[in-house]
Amino acid sequence: SIAATGEPRYLPDITIASTVPASRRKNASPDVRSWYGVPLFINGRVSAVLQLDSTCVDAFNEDDRLAILSLAPAVAQAVGRALLPAAAEQLESSAS
């Protein structure tokens, strides 16, 4: 998984990808064909995964994937900032 490896993953056609369990393919939107997942590192660990999908087979070429990868740190930073208030509140409640 992306969270375990910290590596992005691209599936040009999820309907034939042998690495996608049949149960997951069954639960996916019937229109989704290609999928790209990128790890979001917050405080040095994978805390979320940015997922993009498309109704087109092989929708994300190498340039697309590189562009998305280059945006991942900014997305992770925004997600981390959004989580700060909740984390601070959790720390306060556990300290009392």
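Author: Let us begin with contacts along the chain. This is a predicted model. Among contacts in the chain between residues at least 6 apart in sequence, 49% join residues at least 24 apart.

Reader: Which pattern does the chain follow along the sequence?

Author: The chain has three helices and three strands. Read along the sequence, these elements follow the pattern α-β-α-β-β-α.

Reader: In what order do the three strands form the sheet?

Author: The three strands form an open sheet in the order β1-β2-β3, and their pairing is antiparallel. The edges are taken by β1 (9–11) and β3 (45–54); each has a single partner strand, so one side of each is left without a neighbour in the sheet. From one strand to the next, the twist averages 15°.

Reader: How many bridges join β2 to β3, and over how many do β1 and β2 pair?

Author: Nine bridges join β2 to β3, while β1 and β2 pair over three bridges. Both pairings are antiparallel.

Reader: Which residue takes a positive phi in the hairpin of β2 and β3?

Author: That residue is Asn-43, with a phi near 55°. The hairpin has two residues between its strands.

Reader: Is β2 mostly covered or mostly open?

Author: To read this, one counts a residue as buried when its relative accessible area is under 20%. Eight of the nine residues of β2 are buried, and the strand is thus mostly covered. For the chain of 96 residues, the buried share is 25%. The surface can be read as well: the chain exposes about 6700 Å², of which carbon and sulfur atoms supply 55%.

Reader: Which residues make up the largest nonpolar core?

Author: It has nine residues: Tyr-10, Tyr-36, Val-38, Leu-40, Ile-42, Phe-60, Ile-68, Ala-72 and Ala-76. Two or more residues of this core come from each of β2 (34–42) and α3 (62–95). The most is given by β2, with four residues. Apart from this core lies another, of seven residues, among them Ile-2, Ile-14, Val-20 and Trp-35.

Reader: With which residues is Tyr-10 in contact, leaving aside its neighbours within four places in sequence?

Author: Tyr-10, a member of the largest nonpolar core, is in contact with Ser-34, Trp-35, Tyr-36, Asp-58, Ala-59, Phe-60 and Arg-65.

Reader: Which side chains meet in a salt bridge?

Author: The general idea comes before the case. Side chains of opposite charge can pair when their charged atoms come close. Here the count comes to one salt bridge. The side chains of Asp-13 and Arg-33 meet in it, at 2.8 Å from N to O. The pair links distant parts of the chain, 20 residues apart: Asp-13 is in the loop between β1 and α2 (22–27), and Arg-33 is in the loop between α2 and β2.

Reader: Why does Asp-13 count as buried?

Author: The relative accessibility of Asp-13 is 11%, and a residue counts as buried because its value is under 20%.

Reader: Where does Asn-61 lie, and what separates its C-alpha atom from that of Pro-12?

Author: Asn-61 lies in the loop between β3 and α3. The residue is partly exposed, with a relative accessible area of 41%. Although Asn-61 and Pro-12 are 49 residues apart along the chain, their C-alpha atoms are separated by 9.2 Å.

Reader: What is the place of Ser-47, and which residues are in contact with it beyond its neighbours within four places in sequence?

Author: Ser-47 is in strand β3. At 34% relative accessibility, Ser-47 counts as partly exposed. Beyond those neighbours, Ser-47 is in contact with Leu-40 and Ile-42, both of which belong to the largest nonpolar core. The C-alpha atoms of Ser-47 and Ala-3 are separated by 7.5 Å, and the two residues are 44 apart along the chain.

Methods:
Residues numbered from 1 in each chain as written. Predicted model: local features only at pLDDT ≥ 70, side-chain atom pairs only at ≥ 80, totals over all residues. Heavy atoms only, no water. Core = buried A, V, L, I, M, F, W, Y, C linked by side-chain atoms within 4.5 Å. Buried < 20%, exposed > 50% of the residue type's maximum accessible area, 1.4 Å probe, protein only. Contact = heavy atoms within 4.5 Å. Areas by Shrake-Rupley, 256 points an atom, 1.4 Å probe, with all protein chains shown as cover. Pairing = 2+ DSSP bridges. Axes fitted to C-alpha atoms, helices over the stretch in contact; angles between N-to-C directions. Salt bridge = Lys/Arg side-chain N within 4 Å of Asp/Glu carboxyl O.
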